[in-house]
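Please have a look at the structure while I talk.

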Number of protein chains: 2
Amino acid sequence: MKFEIMRDWLLEGLNDVMKAISQKVANPILTGVKIEVNDKGLTMTGSDSDITICTFIPVEEDGEQIIRVIESGSIILQAKVFSEIVRKLPTNDVTIEVENGMQTHIQSGKSEFHLIGSNSDDYPVLPNVKDEYRFSLPSDLMKSLIKETVFAVSQQETRPILTGVHWETNEEKLVCVATDSHRLARREIVPENMPESPFSVVIPGKSLQELNKILPDNADVVEIVIADQQVLFKSRNVLFYSRLLEGNYPDTSRLIPSEYKTTVQVNGRQLLQAIDRASLLARDERNNIVRFSADGGKAIEVSSNSPEVGKVEELIEAIDVTGEDLKISFSAKYMMDALKAIDGQDIAIHFTGAMRPFILTSMENDLILQLILPVRTF
Amino acid sequence: MKFEIMRDWLLEGLNDVMKAISQKVANPILTGVKIEVNDKGLTMTGSDSDITICTFIPVEEDGEQIIRVIESGSIILQAKVFSEIVRKLPTNDVTIEVENGMQTHIQSGKSEFHLIGSNSDDYPVLPNVKDEYRFSLPSDLMKSLIKETVFAVSQQETRPILTGVHWETNEEKLVCVATDSHRLARREIVPENMPESPFSVVIPGKSLQELNKILPDNADVVEIVIADQQVLFKSRNVLFYSRLLEGNYPDTSRLIPSEYKTTVQVNGRQLLQAIDRASLLARDERNNIVRFSADGGKAIEVSSNSPEVGKVEELIEAIDVTGEDLKISFSAKYMMDALKAIDGQDIAIHFTGAMRPFILTSMENDLILQLILPVRTF
């Protein structure tokens, strides 16, 4: 194997692949990155066995030569040291050559590195994703979808299925739900080319977070291929595989109230900042509880108190308040997470009483829903 | 006590004072910030008993009113929660009022915080710095002086005196030295108004690091007042007190060689980058050792190897090499620290043999000297 490549391209591809590579893996070969070069280009693969990422760098793009392949071949190199070396090479021209089987030379300017590689035959084969369900979404919409749901997955392994986000078809819609049993985030979307037969899968939250880091913030198409135990996200030069979680996701639809006693319409950013301030004096209480009350007028009050430190009250001018008077307490963190997911738009909060779950929706589109369970304090 | 103040000024002063405040202090009163207001302005004080910082905000500056004092007074507030509150206040206008002794109200826009303060009489009195030695330096020169020496102090408490930087007069010069007994950094300076009688003090490295964060990067004058057990740095609106370390600093002048067998002149930045790359493959060895060799020609070689991972060699074009051939090994970290202190200029490295300390000096000024002890590997 021998090829010349532009460092900046190599580094960009490597940065993506590194997101799948962990030093804590049972199989030591997975601390390495697999490098394969042929007359089409360079493919790099990294995996922690849950997530596998492949990036491809073509020999040439838009008439610019990126790689000059002198001899095809493949090798596995220690990912951590290889990526540090690439980052610090002195020039943008890099030659990588494998001699005598495993001796790998990386040369740039007057620097010459010699690494001992491993046989690429020892690398696990890629998951075999049978083409069962396939549809596509723009990359930026896919990123929103992830950000609006993934924060609500459970961080605890006691119910492993809740550490994932449930993706399910409902007629022509894709419905994505995450819950840790104290709050729930739901986002609906209508892809252009949904598969006809319905599916229901649970994608690990961690996989979606890593995918979000790799996807570009533009309208490039991401193809989604769902198979029995794997999901594959294909973007221009990156393949992102994740295993699916096994088990049945609970039916969450019956948690969501459909009749309301009090509805408050308010600017999401104003409310977020007020809750953030109130949480400063709720620090020491369990779960960071703040109080919220609406009574008659259009001003709502957010407050909290910490017996040892002090208390805070703040009035917020609502856009509209309808229905019964209300006093309710909830986790400042859950409320702030939900408000950040709706992202600064005007919102409606629908309550069904102080001890019942309440929901937040965007007043601009009805595809986002956040649900929070209150806490008993009043 | 009651006053109105612009939040941005309050926050800036508070950020400086917070650098002295720690949550790990024996005296719980020191987790608070002392606030005093009178018709001249607002003074805030924070201390961890080693370092004490006072900032002053005047009632008015350049014709702009910053504070409106309604009633003089003083209070101690929990520093962490108070600074978080100030950072998150909704408007730039803040009113702070103390009622019934300790009840403190902080009001901005429609937010109202109520904190329980402590009696300011309980706050320790400021160190009494008798005006023994006094001189001054521009703030930016003071910052350079700190950065060029403080990294070399010992991180271990086995010889506490080495955790400080030694400041000593030598005729009209101020000589600053730090060493951890493996390497040494020395910076000389000629202040305009040195006191006539000589002094020798050891300032804790940690104090100088905090001072460096507070000093502005401009030519404003910093006055230095040295007393028996304290040093005081006075800049425009900040007083920074530090205790001095007790004990005798070792005589380091005899460590510094004055005759050389090999001298290499090289660009500091080029050498720094080459050492950084070489250190990638020295990771696993004790102390991160790289090798350096000069033999005859003007190219010097930097190399390292790690038996399990691989090796690296790099040639660097020197400006000049004179004297005997040389092979020497040293800590990549110490070398990089020294080169960063000299900061990218052309440098001269003077060697007296593979097992003797060597020194680095800037070719542009002779006031900076770095010394490193080599390691036996060749």
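Before I count anything, let me say what I mean by a polar contact, namely a pair of N or O atoms within 3.5 Å, where within protein one must be able to donate a hydrogen and the other to accept it. Please also keep in mind that this is a predicted model. With that rule in hand, 20 residue pairs are found in polar contact across the interface of chain B and chain A, both residues of each pair being at pLDDT 80 or more. Four elements of chain B, α2 (79-88), β11 (111-116), α5 (268-279) and β23 (310-317), each supply at least two residues of the side that touches chain A. The largest share of that side, seven residues, belongs to β23(B). Sorted by class, the side of chain B that touches chain A has 13 nonpolar, three polar and 13 charged residues.

Charged residues bring me to the salt bridges, of which the rule finds four across the interface of chain B and chain A. One of them joins Lys110(A) to Glu317(B), with the closest N and O atoms 3.2 Å apart.

As for extent, 29 residues of chain B are in contact with 29 residues of chain A, and the two chains bury about 2600 Å² between them, 54% of it on carbon and sulfur atoms. In chain B, the residues that lose the most area to chain A are Lys88(B), Arg277(B) and Leu280(B), together 22% of what that side buries.

Let me finish with the strands. Which strand of chain A is joined to β23(B)? That is β11 (residues 111-116) of chain A, which runs antiparallel to β23(B) and is joined to it by five bridges, and here Phe113(A) has Val312(B) as its bridge partner. Within chain B, β23(B) also pairs with β22(B), in the antiparallel sense and over eight bridges, and these two strands form a hairpin with three residues between them.

Technical notes: Residues are numbered from 1 along each chain as its sequence is written. Chains are lettered from A and ligands numbered from 1 in the order in which they are written. This is a predicted model: local features need pLDDT of at least 70, side-chain atom pairs count only at pLDDT 80 or more; totals for chains, interfaces and linings use all residues. Side-chain values use heavy atoms; hydrogens and water are left out. Contact means heavy atoms within 4.5 Å. Buried area is the accessible area (1.4 Å probe) that two parts lose on being put together, summed over both. A salt bridge is a side-chain nitrogen of Lys or Arg within 4 Å of a carboxyl oxygen of Asp or Glu. A polar contact is a pair of N or O atoms within 3.5 Å; within protein, one must be able to donate a hydrogen and the other to accept it, and residues adjacent in sequence count only if both atoms are side-chain atoms. Ala, Val, Leu, Ile, Met, Phe, Trp, Tyr, Cys and Pro count as nonpolar, Asp, Glu, Lys and Arg as charged, and the others, Gly among them, as polar. Two strands pair if DSSP finds at least two bridges between them.
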